[in-house]
Amino acid sequence: MKLGFLGFGEVAQTLSEGLMDHELEVLTCTAGRSNKSVELAKSAGVGLCSTYSELAKSCDMLLSTVIPAEAVNVAKNVAKNVKGIYVDLNNVSPATINEASTHIADGNTVDAAIMGSIKNGLKTPIIASGPRAEIFAELNNYGMNIEVIGSKLGQASGLKMLRSAYTKGVSALLFESFYAAFQMGMDEILWRYLSQTEGSNFKDSSVSRIKSSTVHSHRRAQEMEEVSKFLSKYEDPLVTQATSEFFHLLHDKIGQISEKPDDYRDVFRKLANDRF
Ligand SMILES: NC(=O)c1ccc[n+]([C@@H]2O[C@H](COP(=O)([O-])OP(=O)(O)OC[C@H]3O[C@@H](n4cnc5c(N)ncnc54)[C@H](OP(=O)(O)O)[C@@H]3O)[C@@H](O)[C@H]2O)c1
């Protein structure tokens, strides 16, 4: 089997290195890409096609790992040359998956969502849905960790959105509660009491969520807008809407921070100083 990556960033690099270790042939095309992507593809040692149409024609399975904003364009560009299945692994909504799939023939699109950071390598959990999702899951024979959760497009990307609604909503609530507790000088006591009901790992995982909220506030605000749109099909998403507003406000207040703070209280201190 030949596998092709559209886009060669962190996801493609991680997956291709693992899959090649399992003797799978992996190809990509870096025409028009940045030096960073060209170097990543070279150092991973994948086969290089000179055009995207050659890549699409050569592969039994194409994995789209570009950026969310390019998911539909990339599908449109390769559409007429796709000969196998087309797996969209981008972090996009069910509506975008459906739009991308209209360009791919014969219901050959697979909706796939990476459930966590790809830094965990080939074993990173991935969920998939669509009529041909089982074909994508054959990559489990090469060390991947794919679970087929349904036969319809939109199920995998939708589930990922629900997971985001929960995790980002909790992060916003943690930030809000502990920022007030910090100003009262009572955050340690709050950690102690919440750990009694939430479990012994509660403080570590929550501190990590508070810290990462400071680095990714802008991206999360935008992501929650998308999630909120998606949820509107089923309900009035009040909490998710508030989560989006929370992250927009946080970004306005602290700006773009490139690295996680060593201590979450540094961010609280800065916010409190700027306020008074
Ligand atoms: N990284 C993670 O842990 C993770 C987890 C969950 C989901 N995802 C999703 O997986 C996808 C890939 O993530 P990543 O971390 O690998 O991103 P990345 O490191 O930013 O790489 C994106 C790649 O796509 C290329 N690209 C952009 N526009 C393109 C186009 N029109 N045609 C062809 N290639 C194009 C980029 O090329 P240039 O270098 O030229 O820009 C780059 O090679 C994203 O949609 C992301 O949301 C990632």
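Two strands are said to pair if DSSP finds at least two bridges between them, while the elements themselves are DSSP runs numbered from the N terminus, with helices being H or I runs of at least four residues and strands being E runs of at least two. The structure is a predicted model, in which local features need pLDDT of at least 70 and side-chain atom pairs count only at pLDDT 80 or more, whereas totals for chains, interfaces and linings use all residues. Residues are numbered from 1 along each chain as its sequence is written.

On its other pairing, S7 is joined to S6 by 4 bridges, and these two strands run antiparallel; Ala 112 has Ala 128 of S7 as its bridge partner. Strand S7 (residues 125-129) is largely enclosed by the rest of the structure, because 4 of its 5 residues are buried. A residue counts as buried if 20 or more other C-beta atoms lie within 10 Å of its own, as exposed if 12 or fewer do, and as partly exposed in between, with C-beta atoms placed from the backbone.

S1 and S2 run parallel and are joined by 4 bridges, with Glu 25 in S2 as the bridge partner of Lys 2. Strand S2 (residues 25-28) also pairs with S3 in the parallel sense, over 2 bridges, and Leu 48 in S3 is the bridge partner of Thr 28.

## Surroundings of the ligand

The ligand is surrounded by 24 residues, the closest being Gly 7, Gly 9, Val 11, Asn 90 and Asn 91; a residue is near a molecule if its C-beta atom, placed from the backbone, lies within 6 Å of it. This shell divides into 11 nonpolar, 9 polar and 4 charged residues, where Ala, Val, Leu, Ile, Met, Phe, Trp, Tyr, Cys and Pro count as nonpolar, Asp, Glu, Lys and Arg as charged, and the others, Gly among them, as polar. Helix H1 (10-21), helix H2 (35-44) and helix H4 (71-78) each supply at least two residues of the shell, and H1 gives the most, with 3 residues.

## Two individual positions

Val 110 is found in strand S6 and counts as buried because it has 31 C-beta neighbours inside 10 Å. Leaving aside residues up to four places away in sequence, Val 110 touches Ile 85, Tyr 86, Val 87, Ala 128, Gly 130, Arg 132, Ala 133 and Phe 136, where two residues are in contact if their C-beta atoms, placed from the backbone, lie within 7 Å. From C-alpha to C-alpha, Val 110 and Glu 134 are 9.1 Å apart in space, and they are 24 residues apart in sequence.

Glu 70 has its place in the loop between S4 and H4, and with 15 C-beta neighbours inside 10 Å it counts as partly exposed. Glu 70 and Gly 7 are 63 residues apart in sequence, yet 9.9 Å apart in space, C-alpha to C-alpha.

## Domains and the whole chain

The domain assignment gives domain 1 (2-152) and domain 2 (158-275), with bounds that come from an automatic or database domain assignment. The centres of the two domains, taken over C-alpha atoms, are separated by 31 Å. Their contact takes 6 residues from domain 1 and 7 residues from domain 2, and the side of domain 1 that touches domain 2 divides into 5 nonpolar residues, 1 polar and no charged.

The secondary structure of the chain comes to 12 helices and 8 strands, and its C-alpha atoms fill a box of roughly 65 × 40 × 35 Å, taken along the principal axes. Of the 276 residues of the chain, 39% count as buried. Among contacts with a separation of 6 or more, residues 24 or more positions apart account for 56%.
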